[in-house]
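Here is a short tour of one protein model, written for someone who likes to check the coordinates alongside the text. Have the viewer open and follow the headings in order.

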Amino acid sequence: MTHPLSRLLRRNISAGQIAGYALANLVGLTIVLTALQFYRDVTSATSGSDSFISADYLIISKKVNGLGSFMATDRSATTFTPDERTDIASQPWASAVGAFTSADFNVAARVEFGGMPLSTALFLESIPDEFFDVSPRGWHYTPGSGKPLPIVISKDYLTLYNFGFATSRGMPQISEELIGSIPLRLSVSGGGRQEWIDARIVGFSSRLNTIAVPEEFMEWANREFADHSSPAPSAPSRLIVRLRQAGDPDAMAYMASHDYEVAGDKDAGGKAAYFLSLVTTIVVSVGIIISLLAFFILLLSIYLLLQKNREKIHDLMLLGYTPAQVAAYYNRLVATVNITVLLAAVTVMLAASSQWKSSLDSIGAEGTPPWLTIAVGTVIMTLITIGNMTAISRSIRRTFRTQQ
């Protein structure tokens, strides 16, 4: 575009209208980016095993009323039937449903610690690997291989030992690293058979309140040591449900209506996660609405500018200028303003995130790199710029046609 054309078109541009567009766009984009980065920083805490609002998984069971399963004939009242499991899996809020498989045999553990032999009865369970919050190395078992059986236990069990049992009995407290190096011997018996199996604790779970073993071991042991006089395998008494959205109120309402119990404080944590997601969605929506309003403000300004410059555009057409040459100036102006708005919004977002970072660090949220948020802002501003340029080009071509 020639320099005289730029000077000619610049004369009637309203600096106030451009500033109003830039300010509105800046406010909208800043709200979107700041809310998005805040949500990502806070929810970074949910990826840890000690997350205070992680409720993507629910462990549910049936309530025990009266004598419950005190009588063997009443155990079916606390187990889940295939139809109940299918009904839960079919709910729109359920992403996946897994069952806890219990050991249908007797288990006892023996360990020598500090020169003192310790032994206790144990219970074992297994669940599909996809529901674990830890991924220990070597999490598999091959019967007859001679390799130790890997075990994952709840972190709460170690805490109870260190600050309950150990302190009251004058026994040493142990760390996760130390207990993982202590060899265990498991006595597995049932069906007239007994076998000793080497085992080792390889991980600690904050999600699962159980003593978990690989499914391969559980299938093999139940087949070899369970009482085969039972007409069918025992139904699961606990299920683990992965939610599509943390803290979905429909899931909680379903649990209450079916009188199911949710383990731990996942209900309260789920509400916190859902509230955070809801507030973030509202704030981001407000920012997007403001950005859209700014987009239409610019379109209106360009339309009014073109109407005011109808005679000038007619003269430019007579001088041989094309609609593309006239639109190029306005496109460069819009691109410059939008790039400036993007840089300013990113700067404000980074400044705001630095203010809340120390507070989030104190609750275990390490934060996330801002690159994804910056990329989202870049995409948004690119789409807005393309929309601006397309609307400008169409308006100028329409104006040229009316002048012919």
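Predicted model: local features only at pLDDT ≥ 70, side-chain atom pairs only at ≥ 80, totals over all residues.

You will find serine 353 in helix 10, which covers residues 323-361.

What does the side chain of serine 353 reach? It comes to 2.8 Å from the backbone oxygen of leucine 350. Leaving aside residues up to four places away in sequence, serine 353 touches Gln37 and Asp41.

Now turn to strand 8, residues 184-190. Six of its seven residues are buried, so strand 8 is largely enclosed by the rest of the structure. Its partner is strand 9 (residues 193-205), and the two pair in the antiparallel sense over seven bridges.

Strand 8 and strand 9 form a hairpin, with two residues between them.

Another part worth a look is an open sheet of four strands, in the order 2-11-1-12, with antiparallel pairing. Strand 2 (94-99) and strand 12 (260-262) are the edge strands, each pairing on one side only. From one strand to the next, the twist averages 30 degrees.

Within this sheet, strand 1 (residues 57-62) and strand 11 (residues 238-243) run antiparallel and are joined by five bridges. Tyrosine 57 has arginine 242 in strand 11 as its bridge partner. Helix 3, residues 82-89, lies across strand 1, strand 2, strand 11 and strand 12. Relative to strand 2, helix 3 runs at about 155 degrees.

## The protein as a whole

Stepping back, the protein has eleven helices and twelve strands. It contains 404 residues, and 42% of them count as buried.

Taking contacts between residues at least 6 apart in sequence, 81% join residues at least 24 apart.

Notes
Residues numbered from 1 in each chain as written. Heavy atoms only, no water. Buried < 20%, exposed > 50% of the residue type's maximum accessible area, 1.4 Å probe, protein only. Contact = heavy atoms within 4.5 Å. Polar contact = N/O pair within 3.5 Å; in protein donor to acceptor, adjacent residues only side chain to side chain. Pairing = 2+ DSSP bridges. Axes fitted to C-alpha atoms, helices over the stretch in contact; angles between N-to-C directions.
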